[in-house]
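Good morning, and thank you for making time for this presentation.

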Amino acid sequence: MNNSPSLSFTDHLRELRDCIIKIIMSVLVGFFICWFFKDILLDILRQPIAPYLTATDGNLIFTNPIEKFLSYIKVVFFVAILLSCPYWLFQIWNFISPGLYKEEKKWSIIFVCCGSLLFLLGVLFIYFLVFPMAFRFLILFGGSGELPYISLKEYISFFIRTAFVFGLVFETPLILSFLIKLKVLSVEQIRASRPYAIVVIAFLSALVTPPDVLSMLFLMVPLYFFFEASLWIGKRI
């Protein structure tokens, strides 16, 4: 039974504020640390597309003076959010845990560790597998008369947006499993929604991936696998 004292709406807002402030502070600390390695981080993010930028010797271009500076800020913030993932997941858990039963609070370590690992696996999956194959198809498609001059701003924005999507996608089994554990959803409800889930998965995959069938399939397959994995896990918890 949940023995935690009931809180007023104002108390909940105050706790939410504190949670958000702690998350922001952790990201800022990570930002200042990562800023000293900004050149290395940018070079790492550029690697998936670099082999296909033959016209610029593997380098990206920028078209206005501030574009490069803003791109560095985006890269550092992205890595800071990634590295501070365990901490802000822990803060999210601390915010929701007062409303849980004593037995459910024991899942905190699983939530933080699995959540961090799954998010990182999603980013690594797209970095090492999806991006290289997608860029090879998109940039080398057609004749050889056109030369790729890829903007630094556009590439970094595309990379971060897509990486976050894949990271969140890999959280699907954890989220659904906890919703089942908390009895917000049931295995039967999720199983009955399978036809609709397939349509939603296909739509989201087409929406957030590069405009080619291969990239779409690379997102659809893990999504559907995680959907089925959530059912399997849900039966056992």
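This is a predicted model: local features need pLDDT of at least 70, side-chain atom pairs count only at pLDDT 80 or more; totals for chains, interfaces and linings use all residues.

Let me begin with charged side chains. The structure holds two salt bridges. One of them joins arginine 17 to aspartate 18, with 3.2 Å between the closest N and O atoms. Arginine 17 is partly exposed, at 45% relative accessibility, and aspartate 18 is also partly exposed, at 32%.

In the other salt bridge, arginine 46 meets aspartate 43, with an N to O distance of 2.7 Å. Where do arginine 46 and aspartate 43 lie? Both belong to helix H2, residues 38-46, and they are three residues apart, about one turn of the helix. In general, an α-helix has 3.6 residues a turn, so residues three or four places apart point the same way. Arginine 46 is buried, with a relative accessible area of 16%, whereas aspartate 43 is partly exposed at 32% relative accessibility.

I turn now to the surface. A nonpolar patch there is formed by Leu13, Leu16, Ile20, Ile21, Ile24, Met25, Leu28, Phe32 and Phe77, and together these residues have about 780 Å² of accessible area. Which helix gives the most to the nonpolar patch? That is helix H1, residues 9-35, with eight residues. Phenylalanine 77, for its part, is found in helix H3, residues 67-83. With a relative accessibility of 31%, phenylalanine 77 counts as partly exposed.

Next, consider helix H7, which runs over residues 152-169. This helix has 18 residues and reaches 26 Å from its first C-alpha to its last, close to the 26 Å expected at 1.5 Å a residue. At the start of H7, a side-chain oxygen of serine 151 comes to within 3.3 Å of the backbone nitrogen of lysine 153. The buried residues of H7 include Leu152, Tyr155, Phe158, Phe159, Phe166 and Val169.

How many aromatic pairs does the structure hold? There are 18 aromatic pairs. In one, the ring centres of phenylalanine 78 and phenylalanine 159 are 6.1 Å apart and the planes stand at 85°, so the pair is edge-to-face. Because phenylalanine 78 lies in helix H3 and phenylalanine 159 in helix H7, the pair ties together parts that are 81 residues apart in sequence. Both phenylalanine 78 and phenylalanine 159 are buried.

Phenylalanine 125 and phenylalanine 170 form a tilted aromatic pair, at 5.5 Å centre to centre and 45° between the planes. This pair links distant parts of the chain, 45 residues apart: phenylalanine 125 is in helix H6, residues 108-140, and phenylalanine 170 is in the loop between H7 and helix H8. Phenylalanine 170 is buried, at 8% relative accessibility.

There is also one aromatic cluster whose members include Phe78, Trp88, Phe119, Tyr127, Tyr155 and Phe159.

I close with the backbone. Most residues other than glycine have a negative phi. Aspartate 57, although it is not a glycine, has a positive phi of about 55°. Aspartate 57 is found in the loop between H2 and H3. Is aspartate 57 buried or exposed? With a relative accessible area of 71%, aspartate 57 is exposed.

Terms used:
Residues are numbered from 1 along each chain as its sequence is written. Side-chain values use heavy atoms; hydrogens and water are left out. A salt bridge is a side-chain nitrogen of Lys or Arg within 4 Å of a carboxyl oxygen of Asp or Glu. Buried means under 20% relative accessible area, exposed over 50%, partly exposed in between (1.4 Å probe, protein chains only). Helices (H or I, at least four residues) and strands (E, at least two) are DSSP runs, numbered from the N terminus. Patches are made of residues with over 30% relative accessible area and no salt bridge: like charges are joined within 9 Å, nonpolar side chains (Val, Leu, Ile, Met, Phe, Trp, Tyr) within 5 Å. Accessible areas come from the Shrake-Rupley method with a 1.4 Å probe; for residues, only the protein chains shown count as cover. The expected span of a helix is 1.5 Å times one less than its number of residues. A polar contact is a pair of N or O atoms within 3.5 Å; within protein, one must be able to donate a hydrogen and the other to accept it, and residues adjacent in sequence count only if both atoms are side-chain atoms. Rings of Phe, Tyr and Trp (its six-membered ring) pair if their centres lie within 6.5 Å; planes under 30 degrees apart count as stacked, over 60 as edge-to-face and the rest as tilted.
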